[in-house]
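Student: I have a structure open and want to talk it through. Can we start with the overall layout and then look at single residues?
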Amino acid sequence: MAFGSVFFPTGTYTVTRTERGELVKGRYTAGDTSTLEIVANLQDVTGAQLRDLPEGVRTEDVRVLFTTTELIAKSDTVDPDIVTIDGEDWRVIRVKKARVFAQRYRAYVERVPP
């Protein structure tokens, strides 16, 4: 699938976004959460797309979302967006922007363990 597949969405998904947290007495406290709805095309990951994942990622289940909404990936300073897919939570681990199309994103998501 290519970035153009966002024009053929597979559904509407709920995204839970956590605002940047802060250190309180030396402990990290997450910020407030908010939710938003996105329209996206959900696909299984191909072997070539697996090479796009960050170094050292070890996960059982990865999918890719093609969307026009920029999602926030896991990093040292920000909590990742959580996407609800079929009642399960999936964490955004990497986001790539299309080079050709404006406002097209490929977001890799991994299943959050129960």
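Student: How many helices and strands does the protein chain have?
Tutor: This is a predicted model. The protein chain has one helix and eight strands.

Student: In what order do the elements run from the N terminus?
Tutor: The order is β-β-β-β-α-β-β-β-β.

Student: What share of the residues is buried?
Tutor: Of the 114 residues in the protein chain, 34% are buried.

Student: On to threonine 18. Where is threonine 18?
Tutor: Threonine 18 lies in strand β1, which covers residues 11-18.

Student: Is threonine 18 buried or exposed, and why?
Tutor: Threonine 18 counts as buried because its relative accessibility is 14%, and the cut-off for buried is under 20%.

Student: What does threonine 18 contact, leaving aside neighbours within four places in sequence?
Tutor: The contacts of threonine 18 are Ala30, Gly31, Asp32, Thr33 and Asp79.

Student: Is lysine 25 buried or exposed?
Tutor: Lysine 25 is exposed, because its relative accessibility is 84% and exposed means over 50%.

Student: What about aspartate 86, what is its phi?
Tutor: Aspartate 86 is not a glycine either, and its phi is positive, about 50°. Aspartate 86 belongs to the loop between β6 (82-85) and β7 (88-97). With a relative accessible area of 75%, aspartate 86 is exposed.

Student: What do β6 and β7 form?
Tutor: β6 and β7 form a hairpin with two residues between them, and aspartate 86 is in the turn. The two strands pair in the antiparallel sense over four bridges.

Student: Which residue in β7 stands opposite isoleucine 85?
Tutor: Glutamate 88 stands opposite isoleucine 85.

Student: How many bridges join β7 to β8?
Tutor: Seven bridges join β7 to β8 (residues 105-111), and these strands run antiparallel. One of the pairs is arginine 94 with tyrosine 108, the latter in β8.

How values were computed:
Residues are numbered from 1 along each chain as its sequence is written. This is a predicted model: local features need pLDDT of at least 70, side-chain atom pairs count only at pLDDT 80 or more; totals for chains, interfaces and linings use all residues. Side-chain values use heavy atoms; hydrogens and water are left out. Buried means under 20% relative accessible area, exposed over 50%, partly exposed in between (1.4 Å probe, protein chains only). Contact means heavy atoms within 4.5 Å. Two strands pair if DSSP finds at least two bridges between them.
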